[in-house]
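Here is a friendly briefing on the protein model shown below. Keep the picture open as you read, and look up each residue when you meet its name.

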Amino acid sequence: MPVNSLSPQRAPTTPAILTLPAPYAAGSMLSSRELTPETVSEILALATQLESEDPLKRATRLAKRRIALLFYESSTRTRTSFELAAKGLGADTTLVSSLSSSIEKGETLKDTGLTLKALGAEAIILRHPNSGAPWLLERETRLPILNAGDGMHEHPSQALLDLRTMLAHLRPGETEVTAETLAGVTIAITGDILHSRVARSNMFLLPKLGARVILCGPKELLPEVAAQAGPGIAIERNFERALGEAQVVMMLRIQAERLAGLQLDLEEYKTKYQLTEARLAAQASSALVMHPGPIIRGLELTGEVADGPQSLILEQVHHGVAIRMALVYRALTLAANPEVGA
Ligand code: CP
């Protein structure tokens, strides 16, 4: 009898869109698919520059510029770090969330976006349950859009902060990346790959820098087709074997809000895929442990692992502010150039 304490709360979002138009607005960050090593290097260098700058000088960079955060799903890390990033650059921010705005009355994404633009927003940071929503918002508003997570599709700023965290440990001091930077590095992404926009953005980004990505999880959460997402990606169902090959272990939570009726035996899942101290000690005693958060202690990993010496979970959160400062700055400065792709 399946045990499932993770009851679905919402219908599934639309499947990931495989072919999407190029960005219309310069400065948008919609997907990690569009990133080249050169662009990633520019973002990493900008993040480092802004992070090390005197806070008073930094706060003049985007003084009184207007940025809207439009969140249709809950968030702690992404929302707070984007807001701190924008404020750290001196920008004025406003948060519109689906539960306290006219979205509750039925206003569409297009009309909400156009309203924010009419109020003076120069860029919009969007989290939305539907895959592809940032592309629609960009097309309708022609503003730079920063994708803060669209359904089961992508979360590119998370992939960039994950990369910065990895580089700090594996390639300290390097901010310029090439197609070889992560050669010889294997990253085991484990858990609910099917519903994870973080997994997808990392799967698109990391192999471009030479990394090998192993996806690990049960068939219900990791369909065979995932191995065809791009070069440098393989599936390994056995967690011990995946751990044994990994220099980085990226754990993912089971996304209860997107399971939509899928029944999982959580005890069996934990037996096979929970990251425990014993598993780490036996298979990956020097691997870096990462997780985008929120973590569910006692499910995908134990509290001891989350708090343990190999865990970079809070470092990832920390890197989020610098990466998002770079993305926000880029959005408003590149946007000063004429629109592209219109
Ligand atoms: N990693 C991440 O996107 O976390 P939040 O949902 O808290 O923003």
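Arg142 lies in the loop between α5 (133-141) and β4; helices (H or I, at least four residues) and strands (E, at least two) are DSSP runs, numbered from the N terminus. Arg142 has a positive phi of about 60 degrees although it is not a glycine. This is a predicted model, in which local features need pLDDT of at least 70 and side-chain atom pairs count only at pLDDT 80 or more, while totals for chains, interfaces and linings use all residues. Residues are numbered from 1 along each chain as its sequence is written.

**Residues in loops**

- Arg142 counts as partly exposed because 15 other C-beta atoms lie within 10 Å. On this scale a residue is buried if 20 or more other C-beta atoms lie within 10 Å of its own, exposed if 12 or fewer, and partly exposed in between, with C-beta atoms placed from the backbone.
- Lys64, in the loop between α2 (55-58) and β1 (66-71), also has a positive phi, near 65 degrees, in a residue other than glycine. Lys64 counts as exposed because it has 8 C-beta neighbours inside 10 Å.
- Is Leu89 buried or exposed? Leu89 is buried, with 23 other C-beta atoms within 10 Å, and its place is in the loop between α3 and β2 (92-97).
- Leaving out residues up to four places away in sequence, Leu89 touches Arg58, Ala59, Arg61, Leu62, Met325, Val328 and Tyr329. Here two residues are in contact if their C-beta atoms, placed from the backbone, lie within 7 Å.
- Leu89 and Ala63 are 26 residues apart along the chain, and 6.8 Å separate their C-alpha atoms.

**Two domains**

- The domain assignment of the protein chain gives domain 1 (37-154 + 319-334) and domain 2 (156-317); such bounds come from an automatic or database domain assignment.
- Taken over C-alpha atoms, the centres of domain 1 and domain 2 are 26 Å apart.
- Contacts link 24 residues of domain 1 with 23 residues of domain 2. On the side of domain 1 that touches domain 2, the largest share, eight residues, comes from α1.
- By class, that side of domain 1 has 11 nonpolar, nine polar and four charged residues. In this count Ala, Val, Leu, Ile, Met, Phe, Trp, Tyr, Cys and Pro are nonpolar, Asp, Glu, Lys and Arg are charged, and the others, Gly among them, are polar.

**The largest nonpolar core**

- A nonpolar core is a set of buried Ala, Val, Leu, Ile, Met, Phe, Trp, Tyr and Cys residues joined through C-beta atoms within 7 Å.
- The largest one has 95 residues, and those with the most contacts inside it are Ile124, Ala188, Ala246, Val249, Met325 and Val328. Helix α12 (residues 313-334) gives the largest share of this core, 10 residues.
- Where does this core lie, and why? It lies between domain 1 and domain 2, because both give residues to it.
- Ala188 has contacts with Ile214, Cys216, Ala242, Leu243, Glu245, Ala246, Val249 and Met250, leaving aside its neighbours within four places in sequence.

**Strands**

- Strand β8 (residues 248-251) is covered on both faces: Val248 and Met250 on one side are buried, and so are Val249 and Met251 on the other.
- Two strands pair if DSSP finds at least two bridges between them.
- Thr190 has Met251 of β8 as its bridge partner, while Val249 stands opposite Val289 in β9.
- Ile125, found in strand β3 (residues 123-128), counts as buried because it has 30 C-beta neighbours inside 10 Å.

**Around the ligand**

- The residues around the ligand are Ser75, Thr76, Arg77, Thr78, Arg79, Gly149, His155, Gln158, Pro292, Gly293 and Pro294; a residue is near a molecule if its C-beta atom, placed from the backbone, lies within 6 Å of it.
- Helix α3 (residues 77-88) gives the most to this shell, with three residues.
- The shell draws at least three residues from each of domain 1 and domain 2.
- Gly293 and Pro294 are joined by a cis peptide bond, with omega about -5 degrees.
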